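Hi everyone, thanks for making time for this.

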Amino acid sequence: MRNAMWLIARRSFAEGCPRLTATLLAALGSIALIAGSLQFALRAQEAVSGSDASEYVRADVLVQGGTVDPDDPDDPYAPSNGRIRVDRIAPRPGVAAVAGDATVPVTAARPDGRAITASAEGRTLLRPWVPDPRLNPYRLEAGRSPAAENEVAIVRHMSRAGRVKVSDTLTLTLPRQTQRVRISGIVSVQDRDAVASGDLVLAPPETVQRAAMLPPGTWQSVWVKAAPGVPAERLRGDLARDLGGAATVRTAESVRRAQSAAAAGEGASIAGIIGMLASVAIFVGLFVVANTFGTLVRQRTRRLALLSAIGATPRQIKRLIRLEALVLGAVAAAGGVAAGYPVCALITRLFARDGFDVSAAGAQFGWVALAVPAAAGILVTQAAAWRAARRVAGVSPVQALRSTVTEAPERRWPRLLAAFAIFAGAGFWWAVAVAIRAGDPPGPDRTFGVSLMVVFGALLAVTALAVLTPFFVRPLGGLVGRLATTVGGETGRLAHATITRSPRRVSSAASSLMLGVARVASVALVTLSVHDRFRDTGREVMAAEHAITSTARTTEGGPAPLARDVAALMTRTPGVSRATALTRTEVKLVSPSSNRLEPDEEPEPFSFLVSGAEQAGLRDVLRLGGRPPALRPGQIALSSTVMKERGLRRGEEIVVRGAEGRVTLTVAAVYHDPSHLFAEQALAAPATMDRLDANAATQAVLVRGGSPEDLERAVAGVPGVRVLDRDAYVDAASGSLTRPLRATHGFVGMALLLALFGMATTVSMSVTERTREFGLLGAVGTTMRQIRSIVRWEAATVVVLGTILGLVIAMGTLTLLHVTTGSSFLRPDPPWWLFPVLAAGAAVATLATSALPARRAAAIPVLEAAKAE
């Protein structure tokens with residue numbers, strides 16, 4: 001019997017090639033989506049954390065002027081509050097070589113004006129070329145070192161990402177001016193394309209010194225090479241003792257370790273976020289595989305019943321199905337893993353357009369990238385086969401004698417209990433979301449964490465509804481059948497019988513449609529709600545008619561910083577009554593730590609963003625809630641959220657630490673920015689901003705008055721700058737906050753295509769399943785038009801069921817997001833036209849996928865039907 005079963009398996013594969021091909025393609029597409037998503041997550045992690053190259057590789061000791069943040073002394077990127085002279089270090093015993101160092105954030109643009117995005121979450125920094133070969137970590141891959149004022153060398157990632165080469169020109173946007181430079185060389189660091197902090201633009205030391213606003217001979221830090229035979233730790237101790245509190249001295253090895261740890265942590269965080277986005281797409285893939293394979297097994301019920309009738313045991317039938325699933329899963333896994341690489345390339349390109357470039361990391365070929373998606377495909381097909389085989393093995397042999405196989409009525413309680421258990425799992429994630437909201441302070445981190453838990457719960461709710469879908473088919477099928485009977489007479493009656501006889505067949509297609517509608521509707525609802533809220537609040541806060549911004553984007557997706565000299569151009573433009581540069585920097589609250597702490601509670605570091613703007617005429621460009629008064633130097637206005645969270649009071653003195661060190665400020669006012677775009681957390685005068693950060697980034701120049709034409713002529717000579725009206729600037733400024741939404745579009749699109757393909761496959765396979773039935777209908781006089789009408793009425797049931805359940809999931813998810821996050825940006829207030837559009841789209845997709853199966857069903861000859869299983 002074993003040999004006979006093997007022959008039966010071979011024949012089943014040979015005769016069921018079309019059906020197996022459809023299922024194989026669905027499985028392959030699902031595994032390709034899983035592999036591509038996983039591949040992208042791994043590339044993102046390597047791009048962020050894998051660049052273990054360090055510019056300090058040849059140095060032994062690093063000396064920073066002043067002191068660094070005492071709350072995080074191991075942070076390799078922590079700014080110091082002082083400066084150090086090279087001539088204080090060079091003549092000391094044990095020092096073989098020294099080199100001054102400074103970092104200035106810049107935006108680099110190609111000759112055509114397009115900005116070059118830094119690698120992954122890194123930044124682009126201007127740093128000095130190190131002339132001493134004993135300390136120079138940069139290896140020239142092409143060209144020569146920069147020597148003149150307008151020459152720079154760039155890391156290899158910038159050359160590849162920007163498609164620039166030696167002798168090409170770049171435009172550098174510095175904090176205070178814009179400068180054109182020529183590429184003299186391309187370098188690598190420890191055979192890497194970039195360093196842990198991002199991309200580097202290397203210029204002559206004097207150029208960097210002026211850009212960093214440092215006096216001659218003074219630097220932010222000094223690299224030190226120890227003399228032969230002098231241990232780095234001993235030299236560090238000697239220099240720390242001699243310099244005292246005037247400098248912070250660390251070994252270069254400790255800084256490199258801190259860089260690697262910081263990069264690894266950032267990489268894990270980014271990979272986690274990308275993995276969570278990809279998990280939704282992976283869920284769709286696994287759902288389609290299980291659904292399609294279950295349909296494949298169900299349509300062979302008659303043949304399997306015949307095998308049982310001639311003596312095959314239930315165990316042998318189960319083994320046959322599992323063997324088929326194993327072969328199918330193995331082939332789909334191999335093809336899906338291979339197809340995952342172009343899928344990853346597409347996702348990489350989509351993310352790069354939004355400022356998250358992971359092209360610095362190559363394709364991944366480790367066991368995780370290859371084995372995990374392959375194993376997922378095989379395990380899912382085996383799981384689907386186990387469920388289907390268990391059901392089919394219980395089919396009575398008597399069913400093999402029937403002309404059509406009607407689904408045996410199944411027990412309701414097992415399905416209801418399974419759905420209840422899955423809904424309980426969804427409730428668990430929603431309870432976690434409520435706990436996060438209750439325990440965490442308001443802010444983007446809390447909103448993200450709560451939203452993530454709600455999404456996880458929604459995925460389980462979708463699964464639970466898919467389990468319950470067969471229960472909805474009969475009542476909905478009855479309604480559709482009555483309508484079909486009213487409209488089509490006898491054809492409608494046949495359609496009603498076809499729909500209600502096989503609820504699991506209809507529910508399989510409806511489940512795939514439900515998943516597609518739920519995903520599209522959820523993303524559409526959230527996107528429309530967020531964009532509408534940004535548009536309304538942005539118009540409310542921004543009184544200026546225009547904004548001058550950069551055409552480049554940051555890695556967060558928002559406009560890149562401008563040079564401050566653009567504001568001066570605006571003030572000289574005819575018709576302009578007010579031009580205000582909006583700057584921004586991050587500071588850390590030193591004291592008071594918090595007035596809401598318990599006596600034995602340890603304070604946590606609190607960082608917030610300070611926005612700087614000229615106070616004279618501020619209300620001409622910004623209408624902030626609470627109408628804060630004009631701030632004097634040394635004063636700061638805090639948002640009501642910050643005041644409430646930290647327990648601060650108006651008139652209280654606070655100490656903050658910025659790029660220039662500690663600064664004491666007085667809380668002069670409380671306000672709020674409902675748009676979160678201009679001064680979300682704190683506001684200060686330009687003089688105060690200079691004390692916090694002399695090179696604070698200029699986000700935009702807000703302009704009142706003047707015509708767009710005059711403004712564009714004023715900035716025509718400044719590359720990478722554009723003029724936007726109020727609505728356009730609000731859209732651009734909200735880019736960094738809406739990037740997670742844009743990032744989901746690629747995953748949603750691919751998962752939607754996969755869900756539609758799964759639905760089309762299910763519909764097509766259901767027609768093949770009923771070859772005998774349709775042929776016999778034709779033999780008794782049913783016309784081709786009537787048969788096509790039967791298939792279309794069944795498709796109408798799929799549309800109604802899938803659309804209703806999908807919209808219920810989408811609206812429920814948005815409502816839960818609104819309730820649990822408390823965010824006014826997530827409102828369950830969709831526009832009236834959205835639901836008809838989604839329903840029409842679902843109908844078009846379903847009818848399009850059922851058109852070809854309907855034609856094939858109508859064209860089935862009677863003789864072919866007679867010999868069909």
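Predicted model: local features only at pLDDT ≥ 70, side-chain atom pairs only at ≥ 80, totals over all residues.

Let's start with a pair of helices: α12 and α13 are roughly perpendicular to each other, because the angle between them falls in the 65 to 115 degree range. One thing to remember from class: two packed helices are described by the angle between their axes and the distance between the axes. Here, the axes of α12, residues 490-501, and α13, residues 503-541, cross at roughly 85° and come within 5 Å.

Okay, zooming out for a second. The protein has 869 residues, and 53% of them count as buried. In secondary structure, we're looking at 23 helices and 23 strands. And if you take the contacts with a separation of 6 or more, 84% of them join residues 24 or more positions apart.

Now have a look at the sheet. Which order do the four strands take? Going across, it's β3-β13-β1-β14, in an open sheet with antiparallel pairing. The edges are β3 (95-101) and β14 (247-251), and each has a single partner strand, so one side of each is left without a neighbour in the sheet. On average, neighbouring strands here are turned by 20° against each other, ignoring direction.

Let me pick out one pairing. Strand β1, residues 61-65, goes with β14 in the antiparallel sense, over five bridges. For instance, glycine 65 has alanine 247 in β14 as its bridge partner. Lying across β1, β3, β13 and β14 is helix α5, residues 232-243, which runs at about 175° to β14.

While we're on this sheet, find tryptophan 223, which sits in strand β13. Is tryptophan 223 buried or exposed? Its relative accessibility is 1%, so it counts as buried. Tryptophan 223 and valine 86 are 137 residues apart in sequence, but their C-alpha atoms are 9.3 Å apart in space.

Last stop, helix α21, residues 784-821. It has 38 residues and spans 55 Å from first C-alpha to last, close to the 56 Å expected at 1.5 Å a residue. Just after α21 comes glycine 822, with a positive phi of about 70°.

That's my tour, so over to you.

Technical notes
Residues numbered from 1 in each chain as written. Heavy atoms only, no water. Axes fitted to C-alpha atoms, helices over the stretch in contact; angles between N-to-C directions. Helix = DSSP H or I, 4+ residues; strand = E, 2+ residues; numbered from the N terminus. Parallel < 35°, antiparallel > 145°, perpendicular 65-115°, else oblique. Pairing = 2+ DSSP bridges. Contact = heavy atoms within 4.5 Å. Expected span 1.5 Å × (residues − 1). Buried < 20%, exposed > 50% of the residue type's maximum accessible area, 1.4 Å probe, protein only.
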